[in-house]
Amino acid sequence: MVKQTAKFSFMEEWKEYKLGDISNMKYGKLPPKQNKGSYPIWSGYRNAGFATTYNCRKGTIIVVARGVGGTGDVKISSEDCFLTNLSIAVELDNKICEPLYFYYKYKLSNLRYLDTGSAQSQITIDDLKRLSLKLPSLQTQKCIAGILSSLDSKIELNRRINDNLIPPYYA
């Protein structure tokens, strides 16, 4: 059995892009009144029911665009879903930017600094289009995202194990 290792260099030249040049973006929609489908209605903050149709594919970057307390948060859809008007779907050109890499890049630092709202916090598609980001090669992005994803999986597994070890009366 041959073990494959990823080859990348941190000395490689990173290229600068405007997010608007390497993605398509769209606002979510008002959710349907009938919530009896199988696709989660995702506000960016929480699941708000189920729709019979979807407008956001699995693996799409989601930026919380407005609302209380999470504007600028970056998420990644774990399944096909119906995205509400509180968020923006960012479909990256996956030949230039690995969505999981983008997600990890902005997961903690978020995009709140793009907020242009005065009375209510909000981020617009025009704000996102102007976002400048430097990216390593696609191969390096995939390698970094793979490592971080593996760590997240291990942390989640450990959390589940620990949850089963703690007696309920101590929780």
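Predicted model: local features only at pLDDT ≥ 70, side-chain atom pairs only at ≥ 80, totals over all residues.
**Entry: the overall layout**

I looked up the secondary structure next and found three helices and nine strands. Reading along the sequence, I noted the pattern β-β-β-β-β-β-β-β-α-α-β-α. I then checked burial, and 35% of the 171 residues count as buried.

**Entry: a loop residue**

Where does Ser43 lie? I found Ser43 in the loop between strand 3 (39-42) and strand 4 (47-51). Is Ser43 buried or exposed? Its relative accessibility is 8%, and because the cut-off for buried is under 20%, Ser43 counts as buried. I set aside the neighbours within four places in sequence and looked at what else Ser43 touches: the contacts are Thr84, Leu86 and Ser87.

**Entry: aromatic rings**

I counted three aromatic pairs. The pair I followed up is Phe102 and Tyr106, whose ring centres are 4.8 Å apart. Why is this pair called tilted? The planes of Phe102 and Tyr106 stand at 50°, and an angle under 30 degrees would count as stacked while one over 60 would count as edge-to-face, so what remains is tilted.

Both residues sit in helix 1 (residues 99-107), four residues apart, which means that about one helical turn separates Phe102 from Tyr106.

**Entry: salt bridges**

How many salt bridges are there? I counted six. I picked out a few to look at by eye.

Lys107 pairs with Asp152, and their closest N and O atoms are 3.6 Å apart. Lys107 belongs to helix 1 and Asp152 to helix 3, so this bridge ties together parts that are 45 residues apart in sequence. Lys107 is partly exposed, with a relative accessible area of 34%, and Asp152 is partly exposed at 29%.

Asp127 and Arg130 also meet through their side chains in a salt bridge, at 3.0 Å from N to O. I noted a contrast here: Asp127 counts as buried at 7% relative accessibility, whereas Arg130 counts as exposed at 52%.

Glu156 and Arg159 form another salt bridge, with the closest N and O atoms 2.5 Å apart. These two are three residues apart in helix 3, so about one helical turn lies between Glu156 and Arg159. Glu156 is partly exposed at 29%, and Arg159 is partly exposed at 41%. Which residues do shared partners join into one network? I traced Glu156, Arg159, Arg160 and Asp163, linked by their salt bridges.

**Entry: a nonpolar patch**

Last, I looked for nonpolar side chains on the surface. Ile147, Leu148, Leu151 and Ile155 form a patch there, and together they have about 370 Å² of accessible area. I zoomed in on Leu151, which lies in helix 3 (residues 138-165). Leu151 is partly exposed, with a relative accessible area of 49%.

Key. Residues numbered from 1 in each chain as written. Heavy atoms only, no water. Buried < 20%, exposed > 50% of the residue type's maximum accessible area, 1.4 Å probe, protein only. Phe/Tyr/Trp six-rings, centres within 6.5 Å; stacked < 30°, edge-to-face > 60°. Contact = heavy atoms within 4.5 Å. Patch = residues over 30% accessible without salt bridge, like charges linked within 9 Å, V, L, I, M, F, W, Y side chains within 5 Å. Areas by Shrake-Rupley, 256 points an atom, 1.4 Å probe, with all protein chains shown as cover. Salt bridge = Lys/Arg side-chain N within 4 Å of Asp/Glu carboxyl O.
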